[in-house]
Amino acid sequence: MVTELNHPLVEHKLAILRDEKTGTKKFRELIGELAMFLCYEAMRDAKLDEVKVKTPLEEMTTGMINEDKYAFVPILRAGLGMLDGVISVVPNAKIGHIGMYRDEETFEPVNYFFKVPKEIEKREVVLLDPMLATGGSACDAIELLKEKGVKKIKFLCIIAAPEGLEIVKKKHPDVEIFCTKIDRELNENKYICPGLGDAGDRIFGTK
Ligand code: PRP
Ligand code: URA
């Protein structure tokens, strides 16, 4: 249930994103673009409702997605950087927010905010967070959503560590994970290597 995007354009954009010389503006743009590619892939199994459309030449039967059935939920802060990209392709999806930060000493996630659209249990939820490191934040966010009755969850991240992927797969085998790249490993500070550094700080220019 893990899909790693494998495409030269993704590799190209990732190379610029990872570069320590890349500034905040460019970094933010690239996160948005990569999130759009991830969303494109994650929506591959979307159901189409039959609709009739009249082209300038004739009437035809085709399909449309009921965007209202989807909710994008960024994990604050860094997940916010992915929101514009996914909303640009599914503009009518609902949006929720989960606030979570990783304690710098224990590396355990701390939840500080939770607000999701009404009837969330009836929607497919697409969780957004650029970094899946130990997997703690992802697992806690997934658990909070499941407690609210959500049945279908997809997790979109830019970079995943093998260690974190294993944990999320074990705890939540029903959750499909989409990443642009699976990197080598976590270091002693639980940062992904080679990675891109601190995603939140690079998106918001806080360091
Ligand atoms: C980062 C990242 C994830 C989490 C991943 O957030 O955006 O939410 O760490 O780590 P994990 O898989 O080990 O839980 P951070 O705590 O830096 O907060 P921020 O988004 O506010 O910068
Ligand atoms: N959070 C980040 O922003 N980067 C990492 O490498 C790990 C966690």
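**Ligand sites and backbone**

Guide: Start with ligand 2: one of its oxygen atoms is 2.8 Å from a backbone N or O atom of I192. Keep in mind that this is a predicted model.

Visitor: Which backbone N or O atom lies 2.8 Å from a nitrogen atom of ligand 2?

Guide: That one belongs to G197. A199 also takes part, with a backbone N or O atom 2.8 Å from an oxygen atom of ligand 2.

Visitor: How much of ligand 2 does the protein bury?

Guide: The protein buries 87%. The reference is ligand 2 taken alone, which exposes 240 Å².

Visitor: Which residues surround ligand 2?

Guide: R102, M131, A133, K190, Y191, I192, G197, D198 and A199. By class, that shell has 5 nonpolar, 1 polar and 3 charged residues.

Visitor: What pocket does ligand 2 take up?

Guide: Ligand 2 takes up space in the largest pocket.

Visitor: OK, ligand 1 then. Which residues come nearest?

Guide: R102, D129, T134, G135 and S137, out of 15 residues around ligand 1. R102 is also among the residues around ligand 2.

Visitor: What is the class breakdown of the shell around ligand 1?

Guide: It has 6 nonpolar, 5 polar and 4 charged residues.

Visitor: Polar contacts next. How far is an oxygen atom of ligand 1 from the side chain of D129?

Guide: The distance is 2.5 Å, to an N or O atom in the D129 side chain. Backbone atoms take part as well. A polar backbone atom of A78 is 3.0 Å from an oxygen atom of ligand 1. For A133, a polar backbone atom is 2.9 Å from a ligand 1 oxygen.

Visitor: And what does the protein bury of ligand 1?

Guide: It buries 90% of the 500 Å² that ligand 1 exposes when taken alone.

Visitor: What is the phi of E119?

Guide: Phi is positive at E119, about 55°, although E119 is not a glycine. Most residues other than glycine have a negative phi.

Visitor: Where is E119 found?

Guide: In the loop between β7 (109-115) and β8 (124-128).

Visitor: Zoom out. How many helices and strands does the protein chain have?

Guide: The secondary structure comes to 6 helices and 13 strands.

Visitor: What is the radius of gyration of the protein chain?

Guide: The protein chain has 17 Å. A compact globule of 207 residues would have a value near 17 Å, so the two agree.

Visitor: What box do the C-alpha atoms fill?

Guide: Roughly 60 × 40 × 30 Å, taken along the principal axes.

Note on methods. Residues are numbered from 1 along each chain as its sequence is written. Chains are lettered from A and ligands numbered from 1 in the order in which they are written. This is a predicted model: local features need pLDDT of at least 70, side-chain atom pairs count only at pLDDT 80 or more; totals for chains, interfaces and linings use all residues. Side-chain values use heavy atoms; hydrogens and water are left out. A residue is near a molecule or strand if one of its heavy atoms lies within 4 Å of it. A polar contact is a pair of N or O atoms within 3.5 Å; within protein, one must be able to donate a hydrogen and the other to accept it, and residues adjacent in sequence count only if both atoms are side-chain atoms. Accessible areas come from the Shrake-Rupley method with a 1.4 Å probe; for residues, only the protein chains shown count as cover. Ala, Val, Leu, Ile, Met, Phe, Trp, Tyr, Cys and Pro count as nonpolar, Asp, Glu, Lys and Arg as charged, and the others, Gly among them, as polar. On a 1 Å grid over the protein atoms alone, a cavity is a set of points where a 1.4 Å probe fits but cannot get out, and a pocket is an open set with protein on both sides within 12 Å along at least five of seven lines; lining residues have an atom within 4 Å of a point. A molecule sits in a cavity or pocket if more than half of its atoms lie within 2 Å of its grid points. Helices (H or I, at least four residues) and strands (E, at least two) are DSSP runs, numbered from the N terminus. The radius of gyration is taken over C-alpha atoms; the globule rule is 2.2 Å times the number of residues to the power 0.38.
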